[in-house]
Amino acid sequence: MTTKEKIALILNSALDSGNEADFISGEELAGRCNVSRAAVHKAVCALREQGFSVEAVTNKGYRLKGFPDRLDGSLIENLIAQKNPDTVRVFSFEEIDSTNLEAKRRTADKDLHRVVFASERQTAGRGRMGRAFVSPANSGVYFSLVYRPAGGVKNPAFLTAAAAVAVSRAVKQLYDRECKIKWVNDVFLEGKKICGILTEGVANFETGTIDSAIVGIGINVRNSGFEGKLAEVAGSIEEIIAEEAEKQKDSPKNLPKVSRNQLVAAVIAELLGIYDSYFCGDQKAVKNAMDEYRKRSLLTGMDVFVNPVAGLEGQVYRAKVLDVTDEAELLVQTEDGTTKKLFSGEVSLKSENFAGQT
């Protein structure tokens with residue numbers, strides 16, 4: 001890790017701990033990084049050139065006041081390492097067609113495992129059933145994790161459910177807000193969708209197994225620009241928090257300062273923790289994740305319309321959502337009293353809108 005990266009992490013840790021009013025002296029930074037004061041000054045200048053807002057006050061030191069919101073793969077790797085010490089590789093882009101597609105293009109590499117592709121913008125973002133996923137610049141963050149467990153992928157639905165839990169945990173950590181999850185792949189904040197998840201598999205035709213999972217996550221962070229019907233059901237984290245603050249007459253300056261690098265790192269660190277536990281047979285950790293999923297379920301106890309074969313018209317029926325199983329199946333009861341487990345398909349609160357749910 002370079003001196004610049006070390007100083008960024010030290011200053012960021014002070015900000016995360018709520019001590020942003022406290023300066024860290026150049027002498028302390030030099031000692032913790034084992035470099036000279038001149039090297040500290042040079043590193044701070046380099047951080048400022050990258051867009052970090054670093055305040056310097058004579059006889060006090062330095063403090064971090066703002067982040068560049070450009071994605072930085074190295075910084076994300078270092079932030080993840082603070083919570084999950086196992087190696088993770090992160091490739092960052094300003095623009096790409098789709099992070100899932102990029103992951104697929106690289107799957108010829110048999111060592112592709114615990115690798116993340118993250119972009120500030122997608123030109124061909126995709127949701128479930130081939131639908132477009134709006135991915136504008138200066139708005140959200142879009143990233144895909146490639147995970148290649150020994151023995152192959154066993155339960156894709158659980159991987160998607162775990163991703164929804166990881167996003168919810170990250171939002172709680174960074175923004176102190178509680179999310180809800182709409183089975184199986186959407187995360188909601190204050191009644192609006194802020195995140196969609198698309199899990200795809202890489203098949204091994206020789207063995208007939210799924211070797212790797214590609215878990216694509218898109219999160220609306222700010223400046224969504226959504227209009228019409230989309231604005232009615234979707235929003236961004238910062239806009240939703242600002243709207244709630246305005247309703248409660250809170251000060252806008254109370255909006256948490258979170259960079260997209262922090263958000264990606266927090267989600268990936270949580271997600272890898274769940275995946276590693278799952279594939280190592282840690283049933284307690286898996287149960288905790290699914291218990292949290294159930295607790296956050298948006299649909300439990302509600303009457304919904306079910307499209308069991310997603311995208312196929314004429315198959316919709318009404319049911320009541322009873323629960324979510326440990327395998328991430330949706331447990332529903334139909335109007336005739338039959339109990340069913342859904343491991344795929346789509347559900348909505350309005351039959352005419354089921355095709356619009358992603």
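# Surface, rings and charges in a predicted model

Val233 is partly exposed, with a relative accessible area of 46%. In this report, buried means under 20% relative accessible area, exposed means over 50%, and partly exposed lies in between (1.4 Å probe, protein chains only). The structure is a predicted model, in which local features need pLDDT of at least 70 and side-chain atom pairs count only at pLDDT 80 or more, while totals for chains, interfaces and linings use all residues. Residues are numbered from 1 along each chain as its sequence is written, and side-chain values use heavy atoms, with hydrogens and water left out.

Val233 lies in helix α7, residues 228–233; helices (H or I, at least four residues) and strands (E, at least two) are DSSP runs numbered from the N terminus. Together with Val134 and Leu230, Val233 forms a nonpolar surface patch with about 230 Å² of accessible area. Such areas come from the Shrake-Rupley method with a 1.4 Å probe, and for residues only the protein chains shown count as cover. Patches consist of residues with over 30% relative accessible area and no salt bridge, like charges being joined within 9 Å and nonpolar side chains (Val, Leu, Ile, Met, Phe, Trp, Tyr) within 5 Å.

**Aromatic rings**

The structure holds five aromatic pairs. Rings of Phe, Tyr and Trp (its six-membered ring) pair if their centres lie within 6.5 Å; planes under 30 degrees apart count as stacked, over 60 as edge-to-face and the rest as tilted. Tyr147 and Tyr275 have ring centres 5.2 Å apart and planes at 70°, so this pair is edge-to-face. The pair links distant parts of the chain, since Tyr147 belongs to strand β5 (residues 140–147) and Tyr275 to helix α9 (residues 260–279), 128 residues apart. Tyr147 is buried at 5% relative accessible area, and Tyr275 is buried at 0%.

Tyr278 and Phe279 also make an edge-to-face pair, because their centres are 4.9 Å apart and their planes stand at 80°. Tyr278 is buried at 18% relative accessibility, whereas Phe279 is partly exposed at 26%.

**Salt bridges**

A search of the whole structure finds 25 salt bridges. Each has a side-chain nitrogen of Lys or Arg within 4 Å of a carboxyl oxygen of Asp or Glu. The table gives examples.

| Salt bridge | N to O distance |
|---|---|
| Arg114 and Asp276 | 2.9 Å |
| Lys193 and Asp186 | 3.3 Å |
| Arg294 and Asp291 | 2.7 Å |

In the bridge of Arg114 with Asp276, the partners are 162 residues apart: Arg114 is in the loop between α5 (99–105) and β4 (115–119), and Asp276 is in helix α9. Arg114 is buried at 8% relative accessible area, as is Asp276 at 16%. Lys193 is buried at 14%, and Asp186 is buried at 1%. Arg294 and Asp291 are separated by about one helical turn, because they are three residues apart in helix α10 (residues 283–296). Asp291 is partly exposed at 29% relative accessible area. Elsewhere, salt bridges that share partners join Arg169, Lys172, Asp176, Glu178, Glu270, Glu292 and Arg296 into one network.
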